[in-house]
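Here is a short report on one protein and its two ligands. Look over the sequence and the structure first, then read on.

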Amino acid sequence: MVNTPVQPQLHVESLREQKKRILFVSSEFADLIKVGGLGDVSAALPRAMASRHDMRLLIPGYRQVLESGQQIRIVGEVPGLAALPPCKIGRMDLPDGLIVYVLINPDLFERDGTPYGDSQGRDWPDNHIRFASLGLAAAEIASGTACIRWCPELVHANDWPAAMAPAYMAWRKMSTPTVLTIHNLAYQGLCDVQSCAELGIPPQACSSEAMEFYGKLSFLKAGIAYASHITTVSHTYAQEITTPDFGCGLDGMLRTKVATGQLSGIINGIDESWEPRSDPHLVEGFCAHEWHGKQVNREYVEQTFGLEADDGPLFGVVSRLVQQKGIDLTLCVAEEIVAQGGRLVVIGRGEPDLEAAMAELGKKHPGRIGVHVGFNETDARRIFAGSDFLLMPSRFEPCGLSQMYAQRFGSLPIARRTGGLADTIEDGVTGFLFQEPTKESYQEAVQRAFSVFHRPELLSAMRCKAMNAPLCWQESVAPYDELYQQLIGGEHVITAEPL
Ligand code: ADP
Ligand code: GLC
């Protein structure tokens with residue numbers, strides 16, 4: 001008998017056949033534009049899943065996307081519906097092979113500002129039209145009517161901007177399964193009930209069982225009502241959102257999803273670019289036990305943020321400056337940090353009053369607190385690398401990526417025990433957790449951090465543990481894979497009757 005290489009070949013073939021076609025729909029994509037962690041996840045998760053599935057993205061054609069220098073070929077179009085205008089679908093083939101479909105309509109998406117609003121932070125008044133168009137485009141692609149010659153076997157929508165995809169698909173009585181991932185339940189995409197006709201929503205869907213929410217229409221609620229399965233980005237947050245304290249008014253509906261087995265938590269990971277040895281953003285790389293590079297990055301941060309150089313601990317904040325992140329609590333403990341010989345560096349932007357309060361704090365403590373209202377990736381990474389501790393006292397945190405980035409770069413997070421923070425930080429081992437969203441509870445954790453800082457061997461041991469914590473996407477690939485396979489294999493319940 002001859003041993004031929006036929007078998008491995010067959011194996012490769014069968015793997016290829018097993019690859020499912022997945023359309024991942026998101027309003028952010030960190031390669032081109034991001035406002036927060038949704039952008040990071042949308043860039044990382046499809047890539048992490050690419051060895052198992054044919055993952056393709058659908059994103060809006062914002063100015064930053066169209067002007068990114070990537071070639072875009074027009075491959076299809078979406079007819080309008082009610083007040084939703086017709087759009088074109090472009091295709092970008094990124095150098096690493098990732099295929100990104102871009103929804104193109106200059107009136108909807110080509111504007112200065114963020115994906116959601118103008119440069120003053122005001123939401124665009126037509127966001128309901130813009131993001132309903134995104135959901136509709138996903139439905140058209142899935143029903144084969146967008147003419148792109150590729151039809152997904154599952155649509156994976158993310159957060160409220162993509163949440164109308166499962167709804168439009170259900171209203172068309174499509175059987176293609178859908179997943180909705182909730183990255184943040186607090187942002188729901190609300191608009192007037194009068195918009196029902198404009199958005200082409202069947203009148204029956206404007207009921208409290210479907211998408212009506214306290215006299216408004218909620219995109220996120222529509223996604224929850226119609227998706228085959230709902231995930232959120234950590235186990236703890238999956239439980240929290242079924243309680244009135246964290247449920248943002250949707251906890252009752254989410255509890256029914258738990259009862260039918262349609263809600264689960266899958267933790268986010270961090271991608272391979274978060275490698276302190278080789279990250280090109282850093283002034284100098286480093287690894288566990290070899291802290292020279294960390295010191296060099298710290299010096300950069302001190303100089304750039306106008307901090308005095310000394311031997312005390314350096315605390316960092318890399319965050320959207322919004323209520324969720326407990327920025328007000330950091331404003332309360334900052335004076336104490338300075339009084340004990342610590343320094344604080346802050347980068348981020350967000351709500352105008354919190355931005356102003358942070359800037360004011362910096363002015364009050366020159367040399368001890370350095371604040372940059374704004375954001376740039378290089379400085380953010382150098383802060384993770386150069387700081388000793390990262391402050392993240394979030395009131396709620398669906399997953400949180402910054403605490404994972406900090407750990408990988410040897411900066412120990414000081415965080416509230418909530419959501420993904422509770423799931424990714426080991427208290428006293430890879431960081432510090434505190435329970436209550438109060439100054440006292442927070443200060444106690446800061447105090448423990450100071451104590452560790454003054455015991456260099458313990459500090460070094462904790463840093464090494466944090467840097468080696470298994471926080472990568474590989475941990476999350478298997479549960480997503482299993483979910484996709486189950487849903488495509490027909491194991492899903494449709495609870496909200498398609499209208
Ligand atoms: P969230 O998504 O709630 O802001 P995460 O911790 O999940 O929190 O993700 C934070 C990500 O967003 C990190 O990559 C961080 O560097 C980045 N980031 C933080 N603040 C800003 C900002 N103002 N603009 C853009 N990105 C930011
Ligand atoms: C949201 C959440 C954050 C999460 C991110 C990515 O922005 O606030 O906790 O890490 O989405 O899932």
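A polar contact is a pair of N or O atoms within 3.5 Å; inside the protein, one of the two must be able to donate a hydrogen and the other to accept it. With that in hand, take the side chains of His-156 and Tyr-484: a polar contact of 2.7 Å joins them. The model is predicted.

## Ligand 1

Ligand 1 has 17 residues around it. The nearest are Gly-37, Asp-40, Arg-320, Lys-325 and Leu-401. In Arg-320, a side-chain N or O atom is 2.6 Å from an oxygen atom of ligand 1. In Lys-325, the corresponding distance from a side-chain N or O atom to a ligand 1 oxygen is 2.7 Å. Leu-401 uses its backbone: an N or O atom there lies 2.8 Å from an oxygen atom of ligand 1.

How much of ligand 1 does the protein bury? Taken alone, ligand 1 exposes 560 Å², and the protein buries 93% of that. Two elements give two or more residues each to the shell: helix H2 (37-49) and helix H15 (402-408). By class, the shell around ligand 1 holds six nonpolar, five polar and six charged residues. Domain 1 (18-270 + 476-489) and domain 2 (292-470) both give residues to this shell, so ligand 1 lies between them.

## Ligand 2

Ligand 2 is surrounded by 14 residues. His-183, Asn-268, Glu-397, Cys-399 and Gly-400 are the closest. The side chain of His-183 places an N or O atom 2.7 Å from an oxygen atom of ligand 2. Backbone atoms take part as well. A backbone N or O atom of Cys-399 lies 3.0 Å from a ligand 2 oxygen, and a polar backbone atom of Pro-398 is 3.5 Å from an oxygen atom of ligand 2.

On its own, ligand 2 has 310 Å² of accessible area, and the protein covers 93% of it. The shell around ligand 2 is made up of six nonpolar, six polar and two charged residues. Domain 1 (18-270 + 476-489) and domain 2 (292-470) each supply at least three residues to the shell.

## The nonpolar core

Which residues have the most contacts inside the largest nonpolar core? They are Leu-58, Ile-201 and Ile-224, in a core of 131 residues. Helix H5 (residues 127-142) gives the most to this core, with 10 residues. The core draws at least three residues from each of domain 1 (18-270 + 476-489) and domain 2 (292-470).

## Buried residues with polar side chains

His-156, the partner of Tyr-484 in the contact above, sits in strand S6 (residues 154-158). His-156 has a relative accessible area of 0%, so it is buried.

Asp-118 lies in the loop between helix H4 (106-109) and H5. Its relative accessible area is 15%, so Asp-118 is buried. The side chain of Asp-118 reaches the backbone nitrogen of Gln-120 at 2.9 Å.

## Positive phi angles

Two residues other than glycine are listed here for a positive phi. For Ala-82, phi is near 50°. For Asp-159, phi is near 60°.

Where do they lie? Ala-82 is in the loop between strand S3 (73-78) and strand S4 (87-93), while Asp-159 is in helix H6 (residues 159-162). Are they buried or exposed? Ala-82 is exposed, because its relative accessible area is 54% and exposed means over 50%. Asp-159 is buried, because its value is 9% and buried means under 20%.

## Spacing along the chain

Cys-191 belongs to strand S8 (residues 190-192). At 8% relative accessibility, Cys-191 counts as buried. Cys-191 and Glu-212 are 21 residues apart in sequence, and their C-alpha atoms are 9.8 Å apart in space.

Gln-485 is part of helix H19 (residues 474-488). With 33% relative accessibility, Gln-485 is partly exposed. Gln-485 and Pro-470 are 15 residues apart along the chain, with 25 Å between their C-alpha atoms.

Conventions: Residues are numbered from 1 along each chain as its sequence is written. Chains are lettered from A and ligands numbered from 1 in the order in which they are written. This is a predicted model: local features need pLDDT of at least 70, side-chain atom pairs count only at pLDDT 80 or more; totals for chains, interfaces and linings use all residues. Side-chain values use heavy atoms; hydrogens and water are left out. A residue is near a molecule or strand if one of its heavy atoms lies within 4 Å of it. Accessible areas come from the Shrake-Rupley method with a 1.4 Å probe; for residues, only the protein chains shown count as cover. Helices (H or I, at least four residues) and strands (E, at least two) are DSSP runs, numbered from the N terminus. Ala, Val, Leu, Ile, Met, Phe, Trp, Tyr, Cys and Pro count as nonpolar, Asp, Glu, Lys and Arg as charged, and the others, Gly among them, as polar. Domain bounds come from an automatic or database domain assignment. A nonpolar core is a set of buried Ala, Val, Leu, Ile, Met, Phe, Trp, Tyr and Cys residues joined through side-chain atoms within 4.5 Å. Buried means under 20% relative accessible area, exposed over 50%, partly exposed in between (1.4 Å probe, protein chains only).
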